Amino acid sequence: MNYKNLKRMLASFMFVPLLFSLMSCSGAGADNSESKNTSDDSKTVSVSKEKSTSKEDSGGGTSLEVAVDLGDFRLDVFKSIIADFEKDTGIKVELTAPGPDYETVLKTRMASNDLPDVWTTHGWSVMRYSDYLMPLNDQDWYDSVTDDAKNVITDEKGDIYVLPATVGISAVMYNADVLKAAGIVPEEIHTTADFEEACEKIKASGVTPIFIGGKEPSNGAGFINTYLLPMMLTNDGAAYPSADTLQDGTFDWKKTGMPVMQKFADYVNKGYLNENYSTADTAEMQKSLGEGKCGFVVRGILNLAAAKSYVPDANLGVLPVPYYKDGGKNMFQVGESSCFGVWKDTKNKEAALQLLDYIATKNVIPELCETEGSVPGLSGISYGDSYATEAYYTSIKQFESNLIYDNVFDRQYFPSGMWNVMSEATTEIALDPSKEGVKSAVSLLGENFNDNMKKLIPVIKRCF
Amino acid sequence: MKKRNGKMNLLYIPALLLLGLFVVYPFAQEIKVSFFKWNGYSQNMKFVGLNNFIDVFHDKNFWTAFRNTLVYGIGSTILQNIFGLAVALLVDTKYFGNKFIRTITYMPIMISGLIMGYIMYYFLSFDNGVLNDIIAVFGFGPKDWLRNPVIGVLAILIVNSWQFAGNCMIIYLAGLQNIPKVYYEAAAIDGVGKFACFRHITLPLLVPSISTAVILNLIGGLKLYDVIISLTNGGPGHSTESVMTYISNRYFQAEKAGYASAIGICIFLFILLVSIIMNSYFDRKEVEL
C-alpha cells in the first residue's frame with residue numbers, strides 16, 4: 001500500500017467515528033431540550049409502530065417524550081391509552097417507564113435540565129418539580145379539578161402544575177376473611193386500641209396481623225407515614241398533637257419522637273409484624289394480603305388493587321387510619337396518583353397540552369382508576385369498575401360521620417429528603433426493637449429533620 | 001527495529017475522544033461534586049471542602065459496605081478461580097459429555113446478574129422459597145435465610161462466584177491449550193506423576209491466565225451491584241451492601257450526591273491501588289513461553 005492510499009484509509013477510518021461524535025455533540029448543543037438521556041432510561045417503550053429519531057419526525061408530525069412511574073398492569077393500560085391518543089391525533093409518543101428507577105432518572109434529568117415533555121410527578125408536583133413545570137391554571141379542565149386534588153397540588157401562589165387525572169388514597173387495607181375468622185368486625189375498628197385488639201385476635205388465630213415488605217425499606221416508611229406518624233402526631237385525636245412544631249421545625253424528637261417510634265418497636269416486640277419483615281418484597285406483601293396470610297397492610301390502596309390482581313377472589317376491604325384519643329377522627333390520606341405535568345421549556349407545548357386534554361376528556365380516567373385503585377381527580381368522572389376504589393367509598397359510608405382527610409404525611413409535615421431516613425429508621429427498629437434501637441432510629445430522624453429543616457426555612461421565609 | 005510512522009498516532013484520536021467524553025469528563029465532574037453538599041438534582045450546590053471525605057471515614061455503614069466489598073471481591077476471585085480451573089482441567093481432554101459440561105458451566109453468564117439475583121431470591125425466600133420447601137420434606141420449619149447478614153453475604157458471594165466461574169473456565173481452557181504437549185511428554189518419559197506435572201508444568205505456565213482471571217474477577221467482585229440489589233437489596237439494614245450499592249443508595253435515595261461522589265473517589269483509589277499491586281505481582285511471576 002502506498003503512502004497516498006494509507007492516508008486515504010486513515011482519513012476514512014477517522015472520519016466515521018468523528019462524524020458520529022460530532023453528530024451526537026451538535027445534537028445536544030443545538031437543542032439541549034431535545035436530547036435524549038437514553039442511558040438513564042432502563043426501559044424505554046416505544047408505543048409508536050414507526051420509530052422516530054427526533055421529536056420532529058420527517059413527516060412533520062410531533063413526537064412527545066412522556067415519562068411515567070407506572071409498571072406492570074398499570075403500564076399496559078397506559079400504553080393502550082397512549083396508542084389510542086396517537087391514532088386520534090397523529091402525534092407520536094415515546095413512552096419511558098424506568099420502573100423502580102423512575103425517581104433516579106428524573107433526578108438525573110433535572111440535574112442536566114433536560115426533562116421529558118410530559119411526566120408523572122408521583123406526589124412531588126409542588127415541592128420538587130414546580131420549578132420545572134408550567135402552571136396549568138389556564139387549562140379548560142382546571143375548573144373540574146376536585147377539592148381533594150386541589151388541596152394536594154396547589155402551591156402557595158395558587159398555581160397547579162399537573163393534571164390530577166387520579167388521586168391516590170393511603171389507608172389500612174384488610175383481608176375480610178382473616179378478620180372474620182378472628183372474630184373481628186372491620187367497621188368497629190375506630191381507635192388505636194381497637195386496632196391493636198384486632199392485631200392480638202389475628203395473632204391468636206395463627207395469622208400475621210400486619211405485613212410489611214421491608215426488603216424494599218420504603219414499605220416500612222409507608223407504614224409509619226400512613227398509620228403511626230399521623231395517628232400519634234397530627235390527626236384529630238392524636239396522642240401528641242404536633243402539626244405546628246413539625247412545620248416550623250421546632251418538633252422535639254427526643255421528647256415526642258421517642259414514644260412515637262417506641263410504638264413501632266412495640267408492634268415488632270408483640271409479634272404484630274411478619275417474621276420475614278426485612279426480606280419480604282412488595283409483591284410478597286400484596287400476595288399475602290390477597291391470600292389471607294396477613295390481616296392488614298397499611299399503605300396506598302393501590303396495593304389492594306394489586307392484591308386483587310394476584311388473587312381475584314380475595315375478599316378485601318379498606319379502613320381509615322384509627323384515632324388515638326377518644327373523640328378523635330378517623331383519617332384517609334389523599335395524595336397525587338397519576339398526575340401529569342408539562343416541562344416549562346418543552347418545544348412541544350401544544351402537543352403536550354393536547355395529551356393532557358385527551359386524558360382529561362376522553363374517558364380514560366376510569367381505566368386508570370381501575371388499575372390503580374385510585375379516585376378521579378376531576379369531578380363528574382366515574383371510577384370505572386375499580387374494586388379498590390369501591391372498597392374505599394364503602395369505607396367512607398361506614399365512617400362518614402367521623403372522617404377527616406389530610407395530605408400524605410411527609411409531604412405535609414416533613415421537609416424534603418426525609419423519606420429515605422424514615423425507611424432507614426423503620427428498618428433499624430425492625431432489626432433491633434430494643435430501647436437502644438429506638439433511640440438510634442429517633443436520633444437518625446431528628447438529625448436529618450433538623451438538617452433538612454435548615455435548608456427549608458430560608459425557602460419558607462422567601463415565600464412569605 | 002523499524003521506526004513507526006508518527007502519523008499512525010492519529011489513530012488514537014477516536015478512542016481518546018470517546019474515552020475523554022465517557023470516562024475522563026464524568027470522572028472530573030465526580031471529583032468536583034465530591035467537594036460539595038448537593039442533593040443530586042437541584043441547581044444549588046454548597047462547597048464543603050473535604051467534609052464529605054471526612055464523613056466517609058466516620059460512617060459505619062460505609063465500613064460495613066467496604067468489608068462486604070472485600071469479601072465479594074476476594075471471595076469471588078478465590079471461588080471462581082478454583083472452580084473455573086477445576087472445570088477447565090476436566091474439560092481439557094476429549095470425552096463424551098465434555099461440551100455439555102462446558103455449556104452448563106458457561107450458561108449462567110448469559111443470564112443478567114439482576115435476573116440471577118431474583119431467581120435466587122425465590123429460592124431462598126421465607127414464604128414459598130424452594131429451599132424451605134426442600135427442608136420441609138425433612139420435617140424442618142421454614143427459615144428466613146436472608147435475614148441473617150452472614151448468610152446474606154455468603155449467598156451473594158456464592159451466587160456471583162457460580163454465575164461467573166464459566167469466564168474463568170474459558171480463560172484457563174485457552175491457557176491450557178497453549179501449553180506445548182512436549183513438556184508433558186518429557187515429564188512422562190522421566191516418570192513424573194500427574195500432580196507433579198500439574199504443580200511444576202501446568203501451574204507455572206498458566207500464570208498469564210491466572211493473572212488475567214484474578215484481575216478480572218477481583219475487579220468484577222469489587223464492582224458487584226446487580227445481584228445484591230435483586231437478592232437482598234443491601235439489607236437487612238445495610239448489612240449486605242457493597243460499596244457500589246451504597247454509593248447508589250447515598251446518591252439517589254438519600255440525596256447526598258456529594259457524599260456519594262466522595263465514596264466513589266475513595267473506592268476508585270482503592271481499586272487502582274489493588275490493580276497496580278496485582279499487576280506488578282503477576283508481572284514478576286509470569287513465565288516466558
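A salt bridge here is a side-chain nitrogen of Lys or Arg within 4 Å of a carboxyl oxygen of Asp or Glu. With that in hand, welcome to a predicted model in which 13 salt bridges are counted over all chains. One of them is the pair Lys293(A) and Glu291(A), whose side chains meet with N to O at 3.2 Å.

**Where chain B meets chain A**

- On the side of chain B, 38 residues are in contact with 36 residues of chain A.
- Chain B and chain A bury about 3100 Å² between them, and carbon and sulfur atoms give 53% of that area.
- Three residues of chain B lose the most area to chain A, namely Tyr41(B), Tyr121(B) and Phe252(B), and together they make up 19% of what that side buries.
- As for polar links across this interface, 14 residue pairs are in polar contact, with both residues at pLDDT 80 or more.
- Four helices of chain B each give two or more residues to the side that touches chain A: helix 1 (12-33), helix 5 (113-124), helix 11 (226-231) and helix 12 (243-253).
- If you sort the residues on that side of chain B by type, you get 18 nonpolar, twelve polar and eight charged.

**Salt bridges across the interface**

- Five salt bridges are found across the interface of chain B and chain A.
- One pair is Asp451(A) with Lys37(B), where the closest N and O atoms are 3.4 Å apart.
- Asp451(A) sits in helix 17 (residues 435-463) of chain A and Lys37(B) in strand 1 (residues 36-37) of chain B, so this pair joins two chains.
- Both partners are partly exposed: Asp451(A) has a relative accessible area of 28%, and Lys37(B) has 38%.
- A network of salt bridges with shared partners takes in Glu103(A), Lys107(A), Arg128(A) and Glu255(B).
- Within that network, the side chains of Arg128(A) and Glu255(B) meet at 3.4 Å, N to O.

**Strand 2 of chain A**

- Strand 2 of chain A covers residues 63-67, and five of its five residues are buried.
- Ser63(A), Glu65(A) and Ala67(A) point one way from this strand, while Leu64(A) and Val66(A) point the other way.
- Strand 2 of chain A runs parallel to strand 3 (residues 92-96) of chain A, and five bridges join the two.
- Among the paired residues, Val66(A) has Leu95(A) in strand 3 as its bridge partner.

- Arg109(A) belongs to helix 3 (residues 102-111) of chain A, so the bridge to Glu65(A) ties together parts that are 44 residues apart in sequence.
- Glu65(A) is at 1% relative accessibility, so it counts as buried.
- Arg109(A) is buried too, with a relative accessible area of 2%.

**Back to the pair from the opening**

- Lys293(A), which bridges to Glu291(A), is at 30% relative accessibility and so counts as partly exposed.
- Glu291(A) is at 41% relative accessibility, so it also counts as partly exposed.

Notes:
Residues numbered from 1 in each chain as written. Chains lettered and ligands numbered in written order. Predicted model: local features only at pLDDT ≥ 70, side-chain atom pairs only at ≥ 80, totals over all residues. Heavy atoms only, no water. Contact = heavy atoms within 4.5 Å. Buried area = accessible area lost by both parts, 1.4 Å probe. Polar contact = N/O pair within 3.5 Å; in protein donor to acceptor, adjacent residues only side chain to side chain. Nonpolar A, V, L, I, M, F, W, Y, C, P; charged D, E, K, R; others polar. Buried < 20%, exposed > 50% of the residue type's maximum accessible area, 1.4 Å probe, protein only. Pairing = 2+ DSSP bridges.
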